[in-house]
Amino acid sequence: MPEHSDAPRDLFDVRDRTAVITGGSGHLGLAMASALVRAGVRVALLARNGKTVGEAAQSLRAQGGVAIGIACDVTSSASLEHAREQIATELAPADILLNAAGGNAPAATTSDTQSFFDLDADVAEHVVGLNLMGTYRACQVFGREMATRGEGCIVNIASMSGLRPLTRIPAYSAAKAAVSNFTQWLAVHMAQEYSPRIRVNAIAPGFFLTEQNRYLLTEPNGGMTPRGQTILSHTPAGRLGAPEDLAGTLLWLVSPASVFVTGIVVPVDGGFSAFGGV
């Protein structure tokens, strides 16, 4: 991958790279995978459900892309190692790692009927494990290859709740705050200990309607909940995010255009993080 180019088109050239995407069958993960496929990247999708991730990979191949789907549990280093071996055999060693696996759980969410003191600590621990340790383990497994080669790009998915703790979701907010901190730590570590050509950054999506947060943002009749209405009123763009809104930032972070960018967390939030409420 060239470090610099005089042609703007070359700045964003990621053709013939191999990307691993954890949480690749999820709403946002698959949308970002589609953007990479359209840019000429070979994609390996990882997700727990083998059938679902296989269908997701097939949808990318139907777009003319090169894609495989692998059943993988990101909370298991052994499962990630097995996936790494399969990807190296079927595609190539990973040039790009996108950590999109994550999510919250209703049992780790406070409500009018469920106080913080009633939350299931085991479920909260699972939420932290999935979001933080799932990212941590994937970075260990696929980052080792990058360290050996002295080149690579890691993009973690953080969250608005990691920048500003949001009400109701204590475990998820804590985990995503840790992902942001870990992103910065790993960026420095990889550059200093292995190669400055290994870059680590994160994207912090604002509010995107997914199956994981639908119960918090929308009513059964399709209207917005009070929480959803509050979010919209604090988003200067005046709408929830669409999956394709992440594509441009992702392509920038994984391309030569951001060759001197590492250790940052980029909000893609319609201005939510900039708005003070007045």
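Strand 2 and strand 3 (residues 67-71) pair in parallel through 5 bridges. This is a predicted model. In this pairing, Ala47 sits opposite Ala71 of strand 3. Between the two strands the chain passes through helix 3 (residues 50-61), and this β-α-β crossover is right-handed.

Strand 2 has another partner. Strand 1 (residues 18-22) is joined to strand 2 by 5 bridges, and the two run parallel. Val20 has Ala44 of strand 2 as its bridge partner. Here too a helix belongs to the unit: strand 1, helix 2 (residues 27-38) and strand 2 form a right-handed β-α-β unit.

The largest pocket holds about 1,000 Å³ of space. It is lined by 45 residues, and those closest to its centre are Gly102, Gly103, Tyr172, Thr210 and Gln212. Several elements each give two or more residues to this lining, among them helix 2, strand 2, helix 5 (121-149) and helix 7 (170-193). The lining counts 23 nonpolar, 17 polar and 5 charged residues.

The second largest pocket has a volume of about 290 Å³. Its lining includes Tyr136, Arg144, Phe182, Trp185 and His189. Helix 5 and helix 7 are the elements that give two or more residues to it. Helix 5 gives the most, with 6 residues. By class, this lining has 8 nonpolar, 3 polar and 1 charged.

Terms used:
Residues are numbered from 1 along each chain as its sequence is written. This is a predicted model: local features need pLDDT of at least 70, side-chain atom pairs count only at pLDDT 80 or more; totals for chains, interfaces and linings use all residues. Side-chain values use heavy atoms; hydrogens and water are left out. Two strands pair if DSSP finds at least two bridges between them. Helices (H or I, at least four residues) and strands (E, at least two) are DSSP runs, numbered from the N terminus. A crossover is right-handed if, with the strands pointing away from the viewer, the path from the first strand over the helix to the second runs clockwise. On a 1 Å grid over the protein atoms alone, a cavity is a set of points where a 1.4 Å probe fits but cannot get out, and a pocket is an open set with protein on both sides within 12 Å along at least five of seven lines; lining residues have an atom within 4 Å of a point. Grid points are joined across faces, edges and corners, and a volume is the space filled by probe spheres set on the points. Ala, Val, Leu, Ile, Met, Phe, Trp, Tyr, Cys and Pro count as nonpolar, Asp, Glu, Lys and Arg as charged, and the others, Gly among them, as polar.
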